[in-house]
Amino acid sequence: MTFLLPLLIAAAVLALAYAAFNFFKVKNLEEGNETMQKIAAYIRGGANTFISIEYRILAIVVAIVAVIVFLALDWYVAVALLIGAIMSGCAGMVGMKIATYANVRVTNEANKTQNIGQTLKVAFRGGSVMGLCVGGFALLGLSVVVCVFGFGLGWISSLEPVKAWLTGIDLVRFPNVLTGYALGCSMVAMFNRVGGGIYTKAADMGADLVGKTEAHIPEDDPRNPATIADNVGDNVGDVAGLGSDLLESYVASIVAAIALGYNLIIKVGAPASSLESLYTFPLTFAAIGLVACVIGVASLLVRNLSKSKKVHNQLNGATYVGAALTMIAGAVLSAKLFGGLSAAECKALGFNFGALSPWIGAAVGIVAGILIGMLAEYYTSSDYKPTKILAEASKEGSALTITSGLALGMRSCMAPCVVLGIGIIIAYYTAGLYGVAMSAMGMLSFVALTVSVDTYGPISDNAGGIAEMSKLPEGVREITDTLDAVGNTTAAIGKGFAIGSGGLAALALMLSYMYSLPGESVGANGLPTLNIMEPMTLAGAIVGGALPFFFSGMLIDAVAVAARKMVEEVRRQFKERPAILEGKEDPDHNQCIKISTEGSISQMKTPALMAVVIPVVCGLLFGAHFVGGILIGSTIASIMIAIFTGNAGGAWDNGKKYIEQGGIPGSGKGSPVHDAAVVGDTVGDPLKDTVGPCMDIFIKIMSTVSLVAVSVFSTYNLWSVLFK
């Protein structure tokens, strides 16, 4: 399609240009008084230190993996991997930068105007930079890949496999280039999410365990040495980590849909004449979705919000604008691209509703994502019964708080999984396997707005911390706390979207993987088949089911190790320098920042590399069917763990806030009931902000690595050498 490349480039440039405009618009605002500027500089310096150290390590790992990919596959896959890593790294870096500039400016806006609507606009403008960069950099990289390798070298329409230069395995070039690009994005996402998650929760737990439960001082109290590190963690974990995470989900869903399109033709026998439409639709759908997001962001920022107090409604309104425009334009696009297909061609592709079938698949994904988000809000918001009951359990002490939270998290898994399952069934019977891939695409089609709303949360959280540490009037903290409370809800909804889209994208990648398996892997109905009762596959599924638990345990241990050091440091400062608690002496923030940085960097390497290494090692030892079982087991287990940890942790957090806001009369801050809730929140912190968010990356990076490497280990593995 002649319009594909210009539209991709135009959408990416538009999003990045608007992001740059908002970046400098925020940066040009006043920072406030000298104390506020000093605190913001501490936070900014800590975030910059962490990200620079992490990116140096990440650059070495990416370079090593690129060399391995070059040797095992070919140069173009390695180059695409590097492009993906650069784009994802840039998005995370820019997003973190604007968050560290926006936080203090949000505080100052609240202090200066005493207006929640005006303050919301500053926080959302800062968040929009991260959101627009996620979509913009993702599509910019895809534009380069499509321009150079697709149209430039003419590979986009080629279905014939070629031999890899060293291993001699067969590769279809363009799908492999895209998979390499997705792998580069995945590696950055894994490091940012794992490293940032360990950092932020080590600082948060250290600050809470000593500051709140032992010293009984408020959250973000300037006397607490860990407060600056805690605020740094919001930026490196909840901004840079979140942005890289959803950029990777966005790219994975696009790549999965395109890869399935090629497999439908190569493996199933769908008409080759449909290839152009099959690869054009996901790319164009993403581009028009990004343009719609720019309009959605602008729809909030151009309005006068000085009289608005309904924060959630304003954020939802911007999201609805982007989603509605995306779906309207998507329907027109689907009708245009697939309108020329005959009834026989539609049947061969599994399109049961004609030209609109792919669009219906995407719409199913959006509806499923909204429902999963609503369920996450129900289980985690203090406006609803589950979290209120959990807060009441704190009357009986921390043991029942933890027990009740675990039960809530476990119960909360059922409904979202039912929604996800029904969505998969409807998408498949509407548009076949391509519809399943497009349902993931639908969930993420307005990802720029989703990330904008999510990023506004940690910016507002940081703003509240700066207000507390700067000893600004109570009204300022009330404004930032209101914004932050809405941010907690939007974050829970965003996590529901992330795991739902992650599961669907992993499923689509897994289907492409199964099409690549050696032997008879396609059934009579054209579906790829993998016999789960075959001992090798079943063994892989059992191992795969255990892997997310092992991975989660490593993450929690990593947080605990770093948090223990933080607790010891805060206790030491309080003991050796009692003037700190008296407010007569400033604590040593730098030492706490150093502990979080060193702890997260040292602890993140093994978990982050595990998802990359395990599929390759297992494939080289036991072959492709064993890895197929691993993907099935790990995907199912990861979805459950992500929902459980996210909802349990969110409910513990909001249950604590419910008590702080007077939800249980006579049990405010400093009471035994509040202390029990703080313990529950501390248990939930590494679950909801470290384990849960990493699960969707874990399953997608395993699926992507497996898809990249399957051509190698399906041909070369130790098991086939020894026993066949």
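Which residue forms a salt bridge with R572? The partner is E576, and the closest N and O atoms of the pair are 2.8 Å apart. This is a predicted model. The chain has 20 helices and two strands. Its radius of gyration is 25 Å, close to the 27 Å that the globule rule gives for 724 residues, so the chain is as compact as a globular protein of that length.

**Overall build**

- The C-alpha trace spans about 75 × 60 × 45 Å along its principal axes.
- Of the 724 residues in the chain, 64% are buried.
- The accessible surface comes to about 24,300 Å². Carbon and sulfur atoms account for 64% of that surface.
- Take the contacts between residues at least 6 apart in sequence: 85% of them join residues at least 24 apart.

**Nonpolar cores**

- In soluble globular proteins, nonpolar side chains tend to be buried together.
- The largest nonpolar core here has 244 residues. L139, Y250 and Y513 have the most contacts inside it.
- Helix α6, residues 227-268, gives the most to this core, with 21 residues.
- A second core is separate and has six residues, including A391, I659, I664 and V673.
- What does L139 touch, leaving out residues up to four places away in sequence? Its contacts are L8, A11, A12, Y250, I254, A286, A287 and L290.

**Salt bridges**

- Side chains of opposite charge can pair when their charged atoms come close. The structure holds 22 salt bridges.
- D245 pairs with R193, with the closest N and O atoms 3.2 Å apart. This pair links distant parts of the chain: D245 is in helix α6, R193 is in helix α5 (residues 173-212), and they are 52 residues apart.
- Are D245 and R193 buried or exposed? D245 counts as buried because its relative accessibility is 1%, under the 20% cut-off. R193 has a relative accessible area of 7%, so R193 is buried too.
- E576 and R572 both lie in helix α16, residues 535-576. They are four residues apart, about one turn of the helix.
- E576 is exposed because its relative accessible area is 53%, over the 50% cut-off. R572 has 32%, so R572 is partly exposed.
- K700 and D696 meet through their side chains in a salt bridge, at 3.4 Å from N to O. They are four residues apart in helix α19 (residues 672-713), so about one helical turn separates them. K700 and D696 are both buried.
- Salt bridges with shared partners also build one network. Its members are K201, D204, D653, K656, K657, D681, D685, K688 and D689.

- Which residues make the nonpolar surface patch of about 880 Å²? They are L609, V613, V617, L621, F622, L718, W719, V721, L722 and F723.
- Helix α17 (589-622) and helix α20 (718-723) each supply at least two residues of the patch.
- L621 is one of the patch residues, and its place is in helix α17. L621 counts as partly exposed because its relative accessibility is 35%, which falls between the 20% and 50% cut-offs.

How values were computed: Residues are numbered from 1 along each chain as its sequence is written. This is a predicted model: local features need pLDDT of at least 70, side-chain atom pairs count only at pLDDT 80 or more; totals for chains, interfaces and linings use all residues. Side-chain values use heavy atoms; hydrogens and water are left out. Patches are made of residues with over 30% relative accessible area and no salt bridge: like charges are joined within 9 Å, nonpolar side chains (Val, Leu, Ile, Met, Phe, Trp, Tyr) within 5 Å. Accessible areas come from the Shrake-Rupley method with a 1.4 Å probe; for residues, only the protein chains shown count as cover. A salt bridge is a side-chain nitrogen of Lys or Arg within 4 Å of a carboxyl oxygen of Asp or Glu. Buried means under 20% relative accessible area, exposed over 50%, partly exposed in between (1.4 Å probe, protein chains only). A nonpolar core is a set of buried Ala, Val, Leu, Ile, Met, Phe, Trp, Tyr and Cys residues joined through side-chain atoms within 4.5 Å. Contact means heavy atoms within 4.5 Å. The radius of gyration is taken over C-alpha atoms; the globule rule is 2.2 Å times the number of residues to the power 0.38.
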